[in-house]
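Subject: Structure handover

Hello,

Here is the structure I said I would pass on.

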Amino acid sequence: MPRDYDSSAIPSVYNLAEVEPYRDEPGFQQVVFRGIDQLVGFSQVGPEKEDAEPHTHPYEQMNMLVEGRLDFLVDGERVELEPYDTLAIPPEIPHTSRTVEGETAKLVAFWPLREDRTDGTGYQDEFPPL
């Protein structure tokens with residue numbers, strides 16, 4: 001796991017609203033921000049996002065809805081999130097989400113450091129390129 005960082009660049013502060021999205025698809029934009037051992041994803045989910053099949057990954061995912069409403073399908077069970085609701089998804093549990101009634105939602109997801117997403121954090125000066 002990459003753990004090197006430039007201590008002279010600490011503290012590092014970035015406004016995620018100004019960062020180029022790592023993922024930019026119809027109805028879905030996501031920016032990622034990394035620490036030494038953690039990764040944060042800030043997603044905007046719009047009504048244009050197509051319903052996706054549930055997916056899994058080998059790490060836990062913690063979520064907090066900031067704005068709007070999201071309908072999550074977690075291990076076959078539906079749950080609707082409203083602002084400030086939090087949801088933990090254990091490793092290898094199938095999950096997906098969609099907006100409710102045409103709203104746009106803003107979600108913050110927390111993961112351990114996912115090396116499959118670190119290429120989206122190239123804007124961060126405190127970490128060397130991988």
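The notes below go from the whole chain to single residues.

This is a predicted model, in which local features need pLDDT of at least 70 and side-chain atom pairs count only at pLDDT 80 or more, while totals for chains, interfaces and linings use all residues. Residues are numbered from 1 along each chain as its sequence is written, and side-chain values use heavy atoms, with hydrogens and water left out.

Overall picture

The protein has 9 strands and 0 helices; both are DSSP runs numbered from the N terminus, a helix being H or I with at least four residues and a strand E with at least two. From the N terminus on, the order is therefore simply β-β-β-β-β-β-β-β-β. The radius of gyration is 15 Å, close to the 14 Å that the globule rule gives for 130 residues, so the protein is as compact as a globular protein of that length. That radius is taken over C-alpha atoms, and the rule is 2.2 Å times the number of residues to the power 0.38. Along the principal axes, the C-alpha atoms fill a box of roughly 45 × 30 × 25 Å.

Of the 130 residues, 39% are buried (buried is under 20% relative accessible area, exposed over 50%, partly exposed in between, with a 1.4 Å probe and protein chains only). Among contacts with a separation of 6 or more, 67% are between residues 24 or more positions apart, where contact means heavy atoms within 4.5 Å.

Surface and charge

The protein exposes about 7600 Å², and carbon and sulfur atoms supply 49% of that area. Accessible areas come from the Shrake-Rupley method with a 1.4 Å probe, and for residues only the protein chains shown count as cover. There are 10 positive and 27 negative side chains, with the centres of the two sets 2 Å apart. Lys and Arg count as positive and Asp and Glu as negative, without His and the chain ends; each charge is placed at NZ of Lys, CZ of Arg, CG of Asp or CD of Glu.

Thr99 and Pro47

Thr99 lies in strand β8, residues 95-99, and counts as buried because its relative accessibility is 15%. Leaving aside neighbours within four places in sequence, Thr99 is in contact with Val45, Gly46, Pro47, Arg69, Leu70 and Ala105. The Thr99 side chain also reaches the backbone oxygen of Glu103 at 3.5 Å.

Pro47 sits in the loop between β3 (38-45) and β4 (61-67) and, at 37% relative accessibility, counts as partly exposed. Pro47 and Thr99 are 52 residues apart along the chain, yet their C-alpha atoms are separated by 5.9 Å. Besides Thr99, Pro47 touches Gly102, Glu103 and Thr104, not counting residues up to four places away in sequence.

Backbone points to check

A cis peptide bond joins Ile10 and Pro11, with omega about 5°; Pro11 is in the segment before β1 (23-25).

Tyr84 is not a glycine but has a positive phi of about 75°. Tyr84 is in the loop between β6 (77-81) and β7 (86-89) and counts as exposed at 59% relative accessibility.

Glu92, also not a glycine, has a positive phi of about 65°. Glu92 lies in the loop between β7 and β8, and its relative accessibility of 48% makes it partly exposed.

Regards

Definitions and conventions:
A polar contact is a pair of N or O atoms within 3.5 Å; within protein, one must be able to donate a hydrogen and the other to accept it, and residues adjacent in sequence count only if both atoms are side-chain atoms.
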